[in-house]
Every structure is written in structure tokens, then in C-alpha cells.
Amino acid sequence: MHSTLQKLFDQIEAQRETALVPFRSLPMDRFNLSPGKGRWSAAEILSHVLAAERLSISYMNKKVVGINKASRGGAWEALKMGALICSQRLPGLKFKAPRRVVEHTTWLTSLAEIENAWKDARQDLRDLLERIPADRLDRMIYRHPAVGYLDVRHALVFFREHLIHHTPQLRKL
């Protein structure tokens, strides 16, 4: 795996571990308790984050087959990524989860299920990252629902930012 991808992967793995720690001592009924009408429980938030990653990994696995023909990213994609990071970090800014993510979310109810599924997804991600040649890191094989095509580095940054976006919700639970 290229060192840039390894560094980003290590960051999101540490972030995943940190995000799960507070829920290890939480009773299952509290883990699944919605804090109010129209608000997600910890289990629902984590299931959503996991589903978004799984769909992204699946998409990139298809696109990596034709990576040599994929377009190169550049300044425009960097600008889009900057806007995406800002949108994920602005407090109080809410987004409706993309329909495709909601439709493909398996709503897990136990922390053990979420931990195991997320660990499996991250292993799939690691396997994918190891298949990407160093001279193809700039190829746009990731498609974000709001900003469009980006490269694999941007995908990893989005995974990080997506969890940062949901962290205030998780902390309130």
C-alpha cells in the first residue's frame, strides 16, 4: 500500500476505534434508544456510517478494475474536497442521508455486530488500497453523492470527515 494511503487508513482506523469506545459499556437498550422523534440512536448512526463506507468500497472495487482508463483528478477535485470538508465540519449543518445509502443500510442493533461488520469493511478497504498502483492515486474511482467523482485519497478523507460530522450526535447520547 502506498504510504499516503497507509497514513490515511491508519488515521481512520484509529478514529473508528475511538468512536466505538464510549459505547462498549453502554447497555444495549441505551445503545438503541433514539434521543427523540426523528433522531437516530447510536446504533443507527454507526450503521449509517458503516453503510456509507461499504457502498463506497464496493463502488471503488468496481472502478479499480478500469483504473488505467479513469480520469485524473486535479485542482477542481481538491476544491470540491475542501468544500465537502467544510460542509462536514460546520456545526448544526444537517444533510439528508442519500436515498441509496438509506436503502442499503443494514440497521444493526448490537455494538458487537457493528464492530465486526466495520472491521470486515475496513479489511475490504485495506485489500482495495493494496491493489492501487502508486502512479494511479490521482485517478477518480470514488463517487461522492453530493460532489461527484474524486480519487481514493479523497474517499479516505471523506470517511474521516463523515465520522467527524456524526461525532457530536454520538457524544450527546
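The chain exposes about 9600 Å², with 54% supplied by carbon and sulfur atoms. I note that the model is predicted.

Entry: overall form. I find seven helices and two strands in the chain. Along the sequence they run α-α-α-α-α-α-β-β-α. The C-alpha atoms fill a box of roughly 50 × 30 × 25 Å along the principal axes. I compared the radius of gyration, 16 Å, with the value near 16 Å for a compact globule of 173 residues, and the two agree.

Entry: packing. Buried residues come to 44% of the 173. Of the contacts with a separation of 6 or more, 80% are between residues 24 or more positions apart.

Entry: charges. I have 28 positive and 18 negative side chains, the centres of the two sets being 6 Å apart. My search of the whole structure gives 13 salt bridges.

Entry: single pairs. Arg16 bridges to Glu13 with the closest N and O atoms 2.8 Å apart. The two are three residues apart in helix 1 (residues 3-20), so about one helical turn separates them. Arg16 is buried at 6% relative accessible area, and Glu13 is buried at 19%.

Arg24 pairs with Glu115, closest N and O atoms 2.5 Å apart. Arg24 sits in the loop between helix 1 and helix 2 (28-31) and Glu115 in helix 6 (residues 111-130), so the pair ties together parts 91 residues apart in sequence. Arg24 is partly exposed, at 41%.

I then traced a salt-bridge network that links Glu13, Arg16, Glu17, Arg24, Glu53, Glu115 and Arg122.

Technical notes: Residues numbered from 1 in each chain as written. Predicted model: local features only at pLDDT ≥ 70, side-chain atom pairs only at ≥ 80, totals over all residues. Heavy atoms only, no water. Helix = DSSP H or I, 4+ residues; strand = E, 2+ residues; numbered from the N terminus. Rg over C-alpha atoms; globule rule 2.2 N^0.38 Å. Buried < 20%, exposed > 50% of the residue type's maximum accessible area, 1.4 Å probe, protein only. Contact = heavy atoms within 4.5 Å. Areas by Shrake-Rupley, 256 points an atom, 1.4 Å probe, with all protein chains shown as cover. Lys, Arg positive; Asp, Glu negative; His and termini not counted. Charge placed at Lys NZ, Arg CZ, Asp CG, Glu CD. Salt bridge = Lys/Arg side-chain N within 4 Å of Asp/Glu carboxyl O.
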